[in-house]
Amino acid sequence: SRDLCRKVPEMTYQFTRPLVSRNLVAGEWRGGREIEVENPSDLSIPAGTASLATADDLRDAVAAAEAALPAWAQASPELRADILDRCAVLIFEAADELALTLATEQGKTLPTAKGEVIRAARVFRFHAGEALRYAGISQPSVRPGVHVETAREPLGVVGLITPWNFPIAIPAWKLAPALAAGCTVVFKPSEITPLTAFQLVSLMHKAGFPAGVVNMVVGTGAEIGKALVEHPSVAGISFTGSLATGRAVAVSAVGRGARIQTELGSKNALIVEDSADLDTAADLAIDDLAVGPHRHLAAECDFSLNHHVNIEHAVFTKMQIAAKVKARGIAQVEPCVHQRLSLACLETPLHHRKFCLAVNTGNFIGIRTGNACYRDARVHGTADHIGQVILPLVVAVVDFIQPDPKAIGRACYEAGI
């Protein structure tokens, strides 16, 4: 998929008709109170608008999923496989448009967005095959003359809650297997990135899912997400998000006997000992830290991306110098939909403010590569850049015995270096 995403043609950055997302309930599109969806790489041009679902929309969506469950659960594996495969085909065909929407509303670079779209299509294609492979187990019993058989059955109506950092990949990971298993779904994407979700669900609707099998409601976690988790007709919840929210979701769902699956946030350290090959260690650390997270702006919990480096005292200076040199060479600040861009953007003004506050007030010594924060007018009252972009920043924490964990956490979590 990485090779494919590099072949994205150069696109003209122009929004003549911004997208307007709707909620899908019982096979029909519903409007609602509209909010503006920001374009984090160019705040002067909105990504589009989104219609927020109401509590009534959520209840109707669950009722529709419940009504559609018997027929979908009894549908032939071939039917479910065919529709999922059509979803994959449609996503592949619309990959350029989906990538443009994703990059515009989320802030990722266009090649990274294209790679995520291709990955989502492959997820649907894989689970189209899995729909044909759901089978039970037949085995002898410990008692003579008794045979034991088990069969898989759909869980029921499932609620799927996804974050803004992977607005098509994570929904694909949840939607495709649930539908392949014969469950019906109520999908709540992040209200920060609803446009990609809207396009994805539009393609799924076009692929031929019966009314009520796939429902989408856009809203805040505090209102729509909470109501979905607490709804007595929802048999299972799959949630991806923060640790604190995930714990609350788990307590609520388990308390009423629902199944729960959570994927929660985490960050990882790269450890460099004094016995390490420093040239190799420096290359790995700089490539991983400077290039990887800045394409997602630390919005990724992938274990392959280390967000800070723990270095033994004897080799600290050499690693620090190498990081500074490398970081200075990778900053390119342009709207995220340009293919040549190497840096992503922070998704919301709140993320941007938190990062700049950590950089400017944290209890550490910062070695900055140029102007660390590109400030947008609404957040900082200056006009260096109209997007929420952060240049690579090397932070050197010098107190190894009693470091300030809050300062280190703020710096490493937000900066990615």
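In strand β5, Gly48 is the bridge partner of Val37. Strands here, like helices, are DSSP runs numbered from the N terminus, with strands (E) of at least two residues and helices (H or I) of at least four. The model is predicted, so to speak of local features a pLDDT of at least 70 is needed, side-chain atom pairs count only at pLDDT 80 or more, and totals for chains, interfaces and linings use all residues. Residues are numbered from 1 along each chain as its sequence is written, and side-chain values use heavy atoms, with hydrogens and water left out.

Ile35 stands opposite Ala50 in β5. β4 and β5 (residues 48–51) pair in the antiparallel sense over four bridges; two strands count as paired if DSSP finds at least two bridges between them. β5 also pairs with β1, here in the parallel sense and over three bridges. In that pairing, Thr49 of β5 is the bridge partner of Val20.

Put together, the strands form an open sheet in the order β1-β5-β4, with mixed pairing. β1 (19–21) and β4 (34–37) are at the edges with a single partner strand each, so one side of each has no neighbour in the sheet. On average, neighbouring strands of this sheet are turned by 25 degrees against each other, direction ignored. Angles like this one are taken between axes, which are lines fitted to C-alpha atoms (for helices, over the stretch in contact), and they run from 0 to 180 degrees between N-to-C directions.

Helix α7 (residues 194–207) lies across β1, β4 and β5, and runs at about 75 degrees to β1.

**Two helix pairs**

Two packed helices are described by the angle between their axes and the distance between the axes. Here are two such pairs:

| Helix pair | Angle between axes | Distance between axes |
|---|---|---|
| α5 (residues 110–130) and α6 | about 10 degrees | 9 Å |
| α4 (residues 95–106) and α7 | about 160 degrees | 8 Å |

α5 and α6 are therefore roughly parallel to each other, whereas α4 and α7 are roughly antiparallel. Angles under 35 degrees count as roughly parallel, over 145 as roughly antiparallel, 65 to 115 as roughly perpendicular and the rest as oblique.

Which residues of α5 and α6 meet? On the α5 side they are Glu116, Arg119, Ala120, Val123, Phe124 and His127, and on the α6 side Ala169, Ala172, Trp173, Leu175, Ala176, Pro177 and Ala180; contact means heavy atoms within 4.5 Å. By class, this contact has ten nonpolar residues, one polar and two charged. Ala, Val, Leu, Ile, Met, Phe, Trp, Tyr, Cys and Pro count as nonpolar, Asp, Glu, Lys and Arg as charged, and the others, Gly among them, as polar.

In the other pair, Glu97, Leu98, Thr101, Leu102 and Glu105 of α4 meet Pro194, Leu195, Thr196, Gln199, Leu200 and Leu203 of α7. That contact divides into six nonpolar, three polar and two charged residues.

α6 gives the most, with five residues. The lining has 27 residues, and Leu155, Pro177, Ala178, Ala181 and Cys183 lie nearest the centre of the pocket. By class, 15 are nonpolar, six polar and six charged. The pocket holds about 720 Å³ of space.

A search of the whole structure finds one cavity of 30 Å³ or more. The largest cavity holds about 40 Å³. Leu24, Gly27, His205, Phe209, Pro210, Ala211, Gly212 and Val214 line this cavity; five of its lining residues are nonpolar, three polar and none charged.

On a 1 Å grid over the protein atoms alone, a cavity is a set of points where a 1.4 Å probe fits but cannot get out, a pocket is an open set with protein on both sides within 12 Å along at least five of seven lines, and lining residues have an atom within 4 Å of a point. Grid points are joined across faces, edges and corners, and a volume is the space filled by probe spheres set on the points.
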